[in-house]
Amino acid sequence: MLADEVLEAVSVESRWRSSQRPTQETVSCHHSLQHPGGVERNLHVTKVSWSCTGAVLACAYGRMDDGDWSTEPSHVCTWNLFSRKLKPKQADVVIDVPTAVTALCCHPRQASVIAGGLYSGRVVVWDTSQTDDPVLAQTGISADSHREPVCEVVWVPLQKKAAFGVLSACSGGKVLLWVLDAAQHVLVLNAAYALESQQIPQCRGLKARGCSSVGITSLALSPWDPDTFLVGSEGGLLLRCSFSSKIPSTAPSDGHSLTHRAPAVFSFRPGSGPVHSIHSSPFHWNLFVSAGTDGLAHLHSLLQSEPLFSLKVSDSYVFQVQWSPSRPLVFAAATSQGEVQVFDLGHRSLRPVATLEQGGGGGAATCLAFNAHNPQLLAVGRTDGTVGVWHLSTELTEQSPQEISQLEQIANQVAG
């Protein structure tokens with residue numbers, strides 16, 4: 001299967017590759033950030049996220065390995081990379097959290113506000129400007145809350161002007177939309193979705209399944225369509241979902257205050273293992289990339305179930321994949337082997353154009369985040385508790401004149 005997919009990628013890429021860029025670009029690690037309390041307790045960096053200004057980097061500590069981490073204290077830390085007082089081994093802000101942090105996302109408009117998901121299933125919003133008590137709001141313990149670890153949180157624009165909600169997903173198959181009630185310090189459930197295997201649209205390669213919840217492992221929004229979100233699962237499912245779905249979910253009600261809806265509207269060809277990461281292209285409405293335990297990065301179109309092509313990233317797991325915010329043909333992938341591979345689809349070769357590798361055995365690269373305001377900066381979190389802030393060369397950050405048209409050619413490879 002792998003050989004076939006790579007060969008397929010070779011045959012497809014020959015139709016559009018024309019760039020003459022060199023094969024390896026210049027990258028350098030400018031900072032290695034760490035919170036001593038997290039490193040000493042062997043905590044892993046589970047997520048990284050840049051503030052809306054691009055100046056502050058937030059980092060979540062937790063555990064990536066198997067085990068019960070519900071009583072494992074952890075931290076959320078922030079560093080201002082542009083401060084003259086920057087101390088790589090001393091975070092500007094340290095928020096102590098009673099359990100492992102499994103998801104993190106900075107607010108798109110408010111630089112001091114961060115949403116997080118916990119191993120316990122709780123969703124929390126912190127305000128780092130409130131030094132006494134940074135918890136702005138959180139979910140309670142009720143039938144509406146997640147009961148399994150939260151795998152993803154993301155801010156979602158609401159119909160109310162300039163307002164944002166928090167969308168969270170968990171391994172129990174629920175996707176929940178929360179709105180902030182700052183006065184009461186709570187997150188209030190606004191909409192609820194539940195993915196059940198018998199309500200998943202069928203496609204080629206997808207076997208019919210019994211009645212069970214879909215174990216969600218990844219989630220992504222579409223920057224082009226406010227009604228669309230994408231979900232990946234433990235079993236390799238990759239689904240396009242709709243916020244406007246009116247179909248009731250067959251999941252047990254269990255005293256929920258809102259009717260859970262079945263959001264899946266389209267199934268892509270399933271993978272051979274958990275889908276760890278999905279990211280929609282910021283430059284083309286129907287392209288997205290996914291990655292997981294098969295070590296491949298799959299480029300997809302929303303218009304067909306089969307991937308457009310697949311690239312080999314690693315001989316082991318890929319934990320996260322993300323498009324560049326400034327180069328339409330560039331994406332990066334963090335691997336369990338410790339490397340971050342940067343690919344440029346404008347190259348003739350399928351090989352990475354840059355490899356970010358930390359010396360001294362830094363462990364797996366668990367997460368990464370491009371800086372949208374300063375695209376030459378790429379943050380990489382690792383299992384040794386450190387966050388590397390890498391500087392990318394202009395070849396990896398400056399868009400070429402023909403790049404959008406090349407991306408359009410790739411998107412047009414949809415099977416007729």
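Domain bounds in this predicted model come from an automatic or database domain assignment. For this protein, the assignment gives domain 1 (49–270) and domain 2 (302–415). The C-alpha centres of domain 1 and domain 2 are separated by 23 Å. To the contact, domain 1 contributes 18 residues and domain 2 contributes 17 residues.

About 1500 Å² is buried between domain 1 and domain 2, with carbon and sulfur atoms accounting for 66% of this area. On the domain 1 side, Trp50, Met64 and Arg269 provide 36% of the area buried against domain 2, more than any other three residues. Arg269 also takes part in a salt bridge, in which its side chain meets that of Glu306 (3.0 Å, N to O). Between domain 1 and domain 2 the count is 1 salt bridge, and 7 residue pairs are found in polar contact across the interface. Strand E3 (56–62) and strand E17 (264–268) each supply at least two residues to the side of domain 1 that touches domain 2.

Strand E7 (residues 113–118) is largely enclosed by the rest of the structure, because 6 of its 6 residues are buried. Val113, Ala115 and Gly117 cover one side, while Ile114, Gly116 and Leu118 lie on the other, and all are buried. E7 runs antiparallel to strand E6 (residues 101–106), to which 5 bridges join it; 6 residues lie between the two strands of this hairpin. Strand E8 (residues 123–127) is likewise antiparallel to E7 and joined to it by 5 bridges. Gly116 is the bridge partner of Leu104, and in E8 the bridge partner of Gly116 is Val124. The hairpin of E7 and E8 has 4 residues between the strands, and Gly121 in this hairpin adopts a positive phi near 100°.

Note on methods: Residues numbered from 1 in each chain as written. Predicted model: local features only at pLDDT ≥ 70, side-chain atom pairs only at ≥ 80, totals over all residues. Heavy atoms only, no water. Buried < 20%, exposed > 50% of the residue type's maximum accessible area, 1.4 Å probe, protein only. Pairing = 2+ DSSP bridges. Contact = heavy atoms within 4.5 Å. Buried area = accessible area lost by both parts, 1.4 Å probe. Salt bridge = Lys/Arg side-chain N within 4 Å of Asp/Glu carboxyl O. Polar contact = N/O pair within 3.5 Å; in protein donor to acceptor, adjacent residues only side chain to side chain.
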